Amino acid sequence: MDALQWLGKPDDDAVLEALHEVIDPELGVNIVDLGLVYDVAVGDDGDVAIQMTLTTPGCPLGGYLEDEINGCLKRFPAVRAVTVDLVWEPAWHPLAMTEEAKRQLGWRG
Amino acid sequence: MASACDDRRGEAAAGLARLSTPARQRRPGLLLLPAGVVVMLLGLWGGLARLGYSLPADTSSADDHGILMSLGFLGTLIAVERAVALRRSWSWVAPMASAAGSVLLVVGLPSVVGKTLLLVGGIGLTAAYVALDRVQRSTHNTLMGVAAVGWVVAAALWLADRDIALLVPWLAVFLVVTIVAERLELSRLLQISHRARLVLAFSVVAFVVGAGVSTFDSDAGVRVCGAALLALTAWLLVCDLARRTVRQRGVTRFMAVGLLVGYVWLGTGGALWLGYGFHLDDAVFDAQLHAVFLGFVMSMVFAHAPVIAPSVLRRPFQYRPVLYVPLALLHLSLIVRLLGGDALSSDVAWRAGGITNVVALLAFVAGTAFSLLFVRKRSASSSGKELVVRSKWRDLAGSPTAAGAVIGVVVLVAAVAFANSGRSSADAPAATAGVVNASATTGVAVSLREMSIDPSTVTATPGARLVLRVTNDGTMRHDLRLSNGAHTPLLSPGQTTVLDAGVVTEPLSGWCTVPGHRAAGMTMRIVLGHAAASPSAAPDDAMSAIPGMAGMAGMGSLAGSPPVGWKPVDAALPAVGAGAVHDVTWHIKDVKLAVAPGVTQTMWTFNGSVPGPVLHGHVGDTFNVTVVNDTQMTHNIDFHAEEGPPATAMTPIAPGASHTYRFVAQYAGAWLYHCGTEPMLMHMGNGMYGALIVDPAGLRPVAQQYVLVGSELFFGSEGGVGDYAKMKADTPDAVVFNGYPFAYQHAPLKAHTGDRVRVWVVDAGPTRSVAFHVVGAPFDTVYVDGAYALQADDAAKGGAQTLPVDPGDGGFVEFTFTEPGQYPFLSHAMADAVLGAAGTFAVSN
């Protein structure tokens with residue numbers, strides 16, 4: 001895994017793993033566990049395309065999270081351009097959260 | 001919906017290009033967030049003016065403080081937030097309109113321009129929610145749309161000249177519902193029951209209904225809103241995410257703390273709204289507004305800033321714990337303001353809390369700016385850990401945390417110094433008024449009260465300078481603004497200031513800017529013409545009635561401790577001098593005297609004291625009273641015991657001159673002497689009186705004799721002369737025996753059991769009578785109107801309770817204390833006793 005990060009372009013899973021470090025500051029939970037990241041695709045040329053949503057389209061965090069994602073993926077030298085595509089279909093739903101996120105937010109059962 | 005969705009995708013794709021040219025996209029946010037801060041500064045400026053701090057610039061920001069902070073500052077902020085989310089160019093119209101409208105309100109354009117732009121801002125924001133609804137429909141977005149409609153309604157009512165105080169519920173709909181909807185959105189991340197969501201929806205509906213009711217019935221509407229706020233508070237405290245996230249760390253915890261403390265203020269506000277209903281500017285109003293709009297709304301702003309600021313500015317935000325400092329400052333100062341200022345009526349606490357509110361907001365802006373400017377940059381490293389890239393800025397500034405604290409302190413000092421410098425600069429014109437040629441200046445005392453300004457019409461001499469001495473005689477805070485822009489700071493009850501209206505060349509109008517007061521009748525007119533020689537504008541007195549120093553007579557409790565070094569006037573009757581001719585020399589002088597705890601006044605005196613010296617003699621004695629006038633004003637003496645035409649017998653004494661009044665005491669009695677120069681009410685009300693005691697033949701010897709001169713005091717500005725308007729209105733600040741309220745409670749008069757005591761009472765007025773009474777010691781001898789009404793050896797064993805003495809009259813009573821102890825004496829006109837006409841006999845064996 002480490003070798004892969006440094007020697008060549010990361011695979012989709014490595015990018016997704018890295019995105020666990022992008023935290024929604026209001027919730028204190030990362031965007032992957034929140035279920036906001038719909039798709040990650042690393043192209044042959046090292047371009048990364050991310051499809052994600054926000055909990056609501058009125059949320060102004062989109063730009064901020066884009067910046068955070070860009071900063072986060074700088075660790076991969078092979079990654080060139082990062083594009084973040086905000087989509088609203090399907091709409092985000094609380095059930096998209098992972099068990100870890102629910103645990104952090106105090107869900108029971 | 002599908003096509004809308006495709007649109008969004010298309011825009012998102014367009015966003016790719018944007019990411020490559022970020023500078024162009026940042027521009028609106030980069031400009032509008034600081035513009036919002038500028039509007040906030042304008043609003044805070046007005047807030048300071050409302051707190052009574054005199055600020056140098058003449059702006060209407062004080063009038064519009066509430067609108068500037070709610071629709072101007074927060075409206076811009078919220079509209080920017082939605083524009084950033086929506087990513088459509090037209091959505092920037094809303095924040096631009098509200099920011100521009102706010103600035104235009106203050107710069108003096110016709111207010112309809114600013115008001116219209118604010119309405120446009122509300123409509124723009126509503127449109128943004130409609131657009132977001134088309135992207136993805138949700139309950140919270142609909143609620144936010146309702147909130148934006150609250151903005152529109154408030155702005156529309158304001159445009160229709162509705163008073164700002166009546167718009168408060170609608171302004172609250174805008175801000176509170178926006179915030180609650182945001183929390184509702186986030187509550188989806190929690191396991192919230194359907195029923196809990198219904199409770200929230202019902203509370204919001206109730207709140208909006210309350211605002212609607214308030215448009216027709218202010219009191220009922222505010223109470224409904226209050227109940228809804230309490231329900232919302234309960235929901236937020238129980239269900240909101242902040243209860244969970246407060247257990248997290250760093251910025252997430254900071255946000256949660258800000259939210260939770262804000263909820264407590266929302267509940268406080270709800271209780272105040274529900275319990276008190278609609279109030280117009282008073283302490284309750286201050287508390288009702290600032291619990292909700294400062295305690296709740298501003299705390300929400302503090303809490304969300306670490307998210308909003310970086311999203312809008314597209315700059316990384318380095319959270320630092322120092323942000324807790326302004327947060328704590330905001331809430332602590334609000335407690336001081338509401339508890340000390342509003343609940344306990346401490347003006348000092350109110351002002352100190354208020355200015356610290358401002359400092360907290362400024363410190364938070366500084367701290368946020370700092371967190372955006374000084375960021376530890378991430379860079380790639382072999383370990384994947386963050387590296388700290390030392391920036392030049394950071395090296396210059398040293399530790400950012402320390403620098404942030406320094407900025408806060410500097411802002412604090414600057415704000416306080418600034419506010420105080422404003423105060424002294426406001427005094428400056430008043431000080432110069434004292435040296436202006438009296439003939440070119442008209443001075444008029446103006447009284448503010450609920451809900452009128454007295455006099456309602458002032459006649460100014462064309463081309464002459466008009467100086468108003470403005471006193472708040474009401475129970476609420478008031479101010480006075482003239483249509484030429486001259487204005488006083490907000491005055492607390494009892495406070496007096498001098499307003500230099502300048503040279504009046506055209507008719508002016510004046511009014512109180514406190515919301516609702518103008519409409520309720522607090523207006524006045526200044527017309528041109530030659531003023532009738534009203535006493536307060538008489539050349540001799542104009543300058544005296546307008547003291548050079550503006551400021552309030554910082555009146556504490558009348559019964560409080562006198563200042564160090566204070567001594568009461570000696571009440572003991574001086575012995576009759578040797579011989580049948582009594583020669584005395586007095587000086588008439590203006591003396592600054594402590595006349596009540598915390599109150600110093602320039603009194604006009606006979607020989608330096610109030611009352612003047614006691615003259616004592618027998619029937620047939622000759623008095624030669626030589627009087628030197630050391631003042632700048634003509635005075636004279638009217639001895640009630642003397643005979644002859646006033647024009648010659650009571651010769652006026654010009655400034656610097658002297659005169660000997662010579663008369664023979666033809667009649668016995670307790671006589672008043674006083675200055676008889678017009679306006680006599682002013683001269684007497686400001687201390688020019690005393691007692692002349694002429695013993696009746698056969699007066700029995702007694703163990704102890706006292707002289708008490710009753711009078712009223714009318715406090716003008718601190719250090720100034722008495723308030724003539726109060727004298728005319730018969731509204732004294734203190735009613736006294738021998739010149740000081742409760743003087744002989746502080747220094748009781750001595751007596752011994754079994755000893756006969758004689759008390760001579762002379763009432764100088766100027767207007768109120770004395771009903772002299774000693775508690776626990778009925779009188780067996782009463783002498784009034786030159787005869788005994790009752791004598792100790794009265795066969796019918798009659799007794800007397802009070803010695804009634806009208807203004808300008810005098811008499812005496814005799815009585816004996818049978819047991820040692822403290823015996824109160826007072827004027828039995830109880831309202832006067834409360835104002836200081838009371839004292840104590842300390843009786844020992």
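These entries record what I looked up in a predicted model.

**Entry 1: a helix pair in chain B.** I examined helix α3 (residues 65-86) of chain B against helix α4 (residues 93-107) of chain B, and found that they pack at an angle of about 160 degrees. Their axes lie 8 Å apart. Because angles over 145 degrees count as roughly antiparallel, I noted α3(B) as roughly antiparallel to α4(B). I recorded the crossing of α3(B) and α4(B) as left-handed.

I then listed the residues that make the contact. From α3(B) come B:L68, B:L71, B:G72, B:G75, B:T76, B:A79, B:V80 and B:A83. From α4(B) come B:A94, B:P95, B:S98, B:A99 and B:S102. Sorted by class, this contact of α3(B) with α4(B) holds 8 nonpolar and 5 polar residues, with no charged residues.

**Entry 2: the contact between the chains.** I found that chain B gives 40 residues to the contact and chain A gives 32 residues. On the chain B side, the helices that each supply at least two residues include α1 (2-20), α3, α5 (111-135) and α12 (283-313). I classed the residues of that side as 21 nonpolar, 10 polar and 9 charged.

**Entry 3: the nonpolar core.** I looked up the largest nonpolar core, which has 275 residues. Helix α12(B) gives the most to this core, with 20 residues. Which residues have the most contacts inside it? They are B:W760 and B:V761.

How values were computed. Residues are numbered from 1 along each chain as its sequence is written. Chains are lettered from A and ligands numbered from 1 in the order in which they are written. This is a predicted model: local features need pLDDT of at least 70, side-chain atom pairs count only at pLDDT 80 or more; totals for chains, interfaces and linings use all residues. Axes are lines fitted to C-alpha atoms, for helices over the stretch in contact, and angles run from 0 to 180 degrees between N-to-C directions. Helices (H or I, at least four residues) and strands (E, at least two) are DSSP runs, numbered from the N terminus. Angles under 35 degrees count as roughly parallel, over 145 as roughly antiparallel, 65 to 115 as roughly perpendicular and the rest as oblique. A crossing is left-handed if the near helix is turned anticlockwise from the far one by less than a right angle, and right-handed if clockwise. Two residues are in contact if their C-beta atoms, placed from the backbone, lie within 7 Å. Ala, Val, Leu, Ile, Met, Phe, Trp, Tyr, Cys and Pro count as nonpolar, Asp, Glu, Lys and Arg as charged, and the others, Gly among them, as polar. A nonpolar core is a set of buried Ala, Val, Leu, Ile, Met, Phe, Trp, Tyr and Cys residues joined through C-beta atoms within 7 Å. A residue is buried if 20 or more other C-beta atoms lie within 10 Å of its own, exposed if 12 or fewer, and partly exposed in between; C-beta atoms are placed from the backbone.
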